[in-house]
Amino acid sequence: KNAIKALGPVNIAAIEEYAEVKARYDNMNRQMDDLIRAKNDLHAVINKLDAEMRSNFSKTFEEINRNFQEVFSELFGGGSAELSLTDPSDVLASGIEIKAAPPGKIIKSLTLLSGGEQAFVAIALFFAIIKVNPTPFCILDEIEAALDEVNVVCFADYVKRFSHMTQFVIITHRRGTIESADRIYGVTMPERGISR
């Protein structure tokens, strides 16, 4: 009698409460298993995408680098140019260094190039990217503004070479670019408003 008394009051609804709690526990356990499976699946997808991105980036980077060397040499009439990764072990987080030396110059930093040369290097890189991944439509705003007249003509001729696969809309005031255009739309700004 003392042992039974020590048990304290008996909960008659304990069996139903246990069944209810166990059902909730089993349901949460199933949800937890689903979440763990989903997490593992996501990690697998992320790892697969990461590997594909690394592979695609490396391949595309090499193509752009080859094209950059060719385009640079064509635009500058010689010289050397190269793209390199600051951290080749982690291509997705790496920075990109641009090395360019026009013919007859040894350049250790792009900042030592003139404004026109820097613009021409950027134009060479732009065309190197276009060669790898052509776009149907492209708007260029005063891209050749810093170039001298000879290089403006060279730029305009180079744009013509790509005009069969990309439609260029160029906003410019440079004569060489305007003369090589297929169509010209002019905008002037008189003192009162804009006229066309």
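## Reading a predicted model, step by step

The accessible surface of the protein comes to about 14200 Å², and 57% of that area belongs to carbon and sulfur atoms.

Visitor: Where do these coordinates come from?

Guide: This is a predicted model. Keep that in mind throughout.

Visitor: How many helices and strands does the protein have, and how do they run?

Guide: Start by counting elements. The protein has five helices and four strands. Then read them in order from the N terminus: α-α-β-β-α-β-α-β-α.

Visitor: What does the radius of gyration say about the overall form?

Guide: Set the value beside that of a compact globule. For 196 residues, a compact globule would have a radius of gyration near 16 Å. The protein has 33 Å. Now look at the box. Along the principal axes, the C-alpha atoms fill roughly 110 × 50 × 30 Å.

Visitor: What share of the residues is buried?

Guide: A residue is called buried under 20% relative accessible area. Buried residues make up 24% of the 196 residues here.

Visitor: And how do I read the contacts?

Guide: Look at how far apart the partners are in sequence.

Visitor: Where are the mean positions of the positive and negative charges, relative to each other?

Guide: They are 5 Å apart. That compares 22 positive with 27 negative charges.

Visitor: Let's go residue by residue. Is V121 buried or exposed?

Guide: First place the residue. V121 sits in helix α3, residues 115-132. Its relative accessible area is 4%, so V121 is buried. Next, list its partners beyond four places in sequence. They are F68, F72, F76, I98, A100, L110 and L113. Take A100 from that list: V121 and A100 are 21 residues apart in sequence, yet 7.3 Å apart in space, C-alpha to C-alpha.

Visitor: Which residues does N67 contact, away from its neighbours in sequence?

Guide: N67 belongs to helix α2, which covers residues 14-76. Beyond four places in sequence, N67 touches A128, K131 and V132. N67 counts as buried because its relative accessible area is 13%.

Visitor: Which backbone atom lies 2.6 Å from a polar atom of the T166 side chain?

Guide: The backbone oxygen of T135.

Visitor: What should I check about phi?

Guide: Most residues other than glycine have a negative phi. Now take E142. Its phi is positive, about 55 degrees, although E142 is not a glycine.

Visitor: Where is E142, and how exposed is it?

Guide: E142 is in the loop between β3 (137-141) and α4. Its relative accessibility is 28%, so E142 counts as partly exposed.

Terms used
Residues are numbered from 1 along each chain as its sequence is written. This is a predicted model: local features need pLDDT of at least 70, side-chain atom pairs count only at pLDDT 80 or more; totals for chains, interfaces and linings use all residues. Side-chain values use heavy atoms; hydrogens and water are left out. Helices (H or I, at least four residues) and strands (E, at least two) are DSSP runs, numbered from the N terminus. The radius of gyration is taken over C-alpha atoms; the globule rule is 2.2 Å times the number of residues to the power 0.38. Buried means under 20% relative accessible area, exposed over 50%, partly exposed in between (1.4 Å probe, protein chains only). Accessible areas come from the Shrake-Rupley method with a 1.4 Å probe; for residues, only the protein chains shown count as cover. Lys and Arg count as positive and Asp and Glu as negative; His and the chain ends are not counted. The place of a charge is taken as NZ of Lys, CZ of Arg, CG of Asp or CD of Glu. A polar contact is a pair of N or O atoms within 3.5 Å; within protein, one must be able to donate a hydrogen and the other to accept it, and residues adjacent in sequence count only if both atoms are side-chain atoms. Contact means heavy atoms within 4.5 Å.
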